[in-house]
Amino acid sequence: MVRLWVSAALTAALVYAIPAAADSKNSNGTLPMQLRLAYAGETGMMVSWNTYSKLRTPTVRYGRHPSHLDMIASSDVSVTYQTSLTYNNHVSLQGLEPGTVYYYLPQHSNVTKPYSFKTSRARGDHTPYSVAVAVDLGVMGPDGLTTHVGKGAANPLGPHDNNTMQSLQAQGADTDFLWHPGDIAYADYWLKEQIQGFLPTVNVSQGYKVYEELLNNYYDEMSAITSKKPYMVGPGNHEANCDNGGTTDSAHHISYNVSICMPGQTNFTGFRNHFRMPSRQSGGFDTETDLGHGLIGPDEIGGSEAEESGPFSNLKDAQLKWLEKDLSSVDRTKTPWIIAAGHRPWYISAKNESSSVCEDCRKVFEPIFLKHGVDLVLSGHNHVYERNAPISVFDADPNGLNNPSAPWYITNGAAGHYDGLDSLELPLQPYSRAAQDSAYGWSKLTFHNCTHLTHEFISSSNGTVLDTATLFKDRQCGN
């Protein structure tokens, strides 16, 4: 029913020796933790988890009944990188029935009953369903977003507020999967949090341990969600390196850059090891690195936060050729909706600078989206919520949401992390239709049928709907 495009396919793994620092935590090195699921093609599910020790043959038992896990899948993928405290294990389950509940257990699990997931729907299934979308989501609790902040930070949670992870478990329980297009965990804020007195100070040479612990905290927290439903992610700028694109300690007149990052903490290494998005099936790319290759200038647009990261494809215009081929292959009678997501927005009421507005992204992607009738474009990066009109080359579609010919643009980077929220630039852009910069929240997409799609901005604090709008497309639904 829906074609989802997210530029997110970094899947190569780097294998190094695990640091001795991890050994002290390795009392039960094979116990599964940080469980996460991801769709793996139309009939598959990737089961991933972490362990303190390397597994020789990661294995998953699964089946259609919780007391009868009669099928087994395994792999040889148990990978780590130089500074990691854990190993990442990935096993693909294939040949699954669509729209079906399966039960599963990774090897060495000590839980009393198996976990479960529901597979994706068959192509052409037009029954209603919904998707949760959270962008720019970081660590929650004592090491991240909580009821207090460090010196110079802002936007703590209120004393009775739920955070976004809690809201996704409650108000997002009925969604089919969680989509996270970039900026995952914000472990690269470790130094900023220390400088602001929020985290205990350690020597910069030992900062890699703090970075990795924040990553592990985040994935531990998310496993309550990601062990039950697919967690589809794409990379953002905060996955690139360990240093938040540069950090300044004003009190001591010290500026830090990527040079403080140890091998293993640059070039999206944590992301590439931790996730196995359906890249082998889809062939996707990374908008933080693989953008352009000379289309809008003499050099390839690449890197993240002005730091060297990538590219991951050396073929000219590889991402654009892939996107063109992918969208051309969609049968709109079976897949009427096409939703695209990349981390950085290009239509946003923010300061007109490259760190906020990705004009290069617009020049590269907008013509393809217009050509193939993309229905909705989602982004984050700016930590605000803004629902825009359908737009074509800066002009709002005169039809509004009533059968527009241009894509609908929504930015929602308000999921929440230690650094809080951004401020909208006033006056709002003329194409803006609803915006706010004072509440944490996430998006819920409900596909009613082939003609109606509703977007809701859900307040994480109390689960209320802060904004809602429905898009209508005039087309015939298939049988």
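The legends below describe close-up views of a predicted model. Local features need pLDDT of at least 70 and side-chain atom pairs count only at pLDDT 80 or more, while totals for chains, interfaces and linings use all residues. Residues are numbered from 1 along each chain as its sequence is written, and side-chain values use heavy atoms, with hydrogens and water left out.

**View 1. The second largest pocket and its lining.** The volume of this pocket is about 450 Å³. A pocket is an open set of points on a 1 Å grid over the protein atoms alone, where a 1.4 Å probe fits, with protein on both sides within 12 Å along at least five of seven lines. Grid points are joined across faces, edges and corners, and the volume is the space filled by probe spheres set on the points. The lining comprises 22 residues, a lining residue being one with an atom within 4 Å of a point. Ser355, Ser356, His381, Asn382 and Asp422 lie nearest the centre. By class, the lining has eleven polar, seven charged and four nonpolar residues. Ala, Val, Leu, Ile, Met, Phe, Trp, Tyr, Cys and Pro count as nonpolar, Asp, Glu, Lys and Arg as charged, and the others, Gly among them, as polar.

**View 2. The disulfide of Cys242 and Cys261.** The structure holds three disulfides, each defined as a pair of cysteine sulfur atoms within 2.5 Å. With bonded cysteines counted along the chain, the pattern is 1-2, 3-4, 5-6. In the pair shown, the S to S distance is 2.3 Å. The torsion about the S-S bond of Cys242 and Cys261 is about -100°, so this disulfide is left-handed. The pair links distant parts of the chain, 19 residues apart: Cys242 lies in the loop between β14 (231-234) and β15 (247-249), and Cys261 in the loop between β16 (254-256) and α4 (269-274). Helices (H or I, at least four residues) and strands (E, at least two) are DSSP runs, numbered from the N terminus. Cys242 and Cys261 are both buried; buried means under 20% relative accessible area, exposed over 50%, and partly exposed in between (1.4 Å probe, protein chains only).

**View 3. The disulfide of Cys358 and Cys361.** The sulfur atoms of this pair are 2.0 Å apart. The link is right-handed, with 65° about the S-S bond. Cys358 has a relative accessible area of 11% and is therefore buried. Cys361 is also buried, at 4%.

**View 4. The disulfide of Cys450 and Cys477.** The S to S distance is 2.0 Å. With -90° about the S-S bond, this link is left-handed. The two cysteines are 27 residues apart and join distant parts of the chain, Cys450 in the loop between β23 (441-447) and β24 (452-459), Cys477 in the segment after β25 (465-472). Cys450 is buried because its relative accessibility is 1%, whereas Cys477, at 39%, counts as partly exposed.

**View 5. Strand β24 and its partners β23 and β25.** Strands pair if DSSP finds at least two bridges between them. A hairpin connects β23 to β24 through four residues. β24 and β25 are also antiparallel, with seven bridges; His455 has Ala469 of β25 as its bridge partner. The hairpin of β24 and β25 has five residues between the strands, and Gly463 takes a positive phi near 80° there. Seven of the eight residues of β24 are buried.
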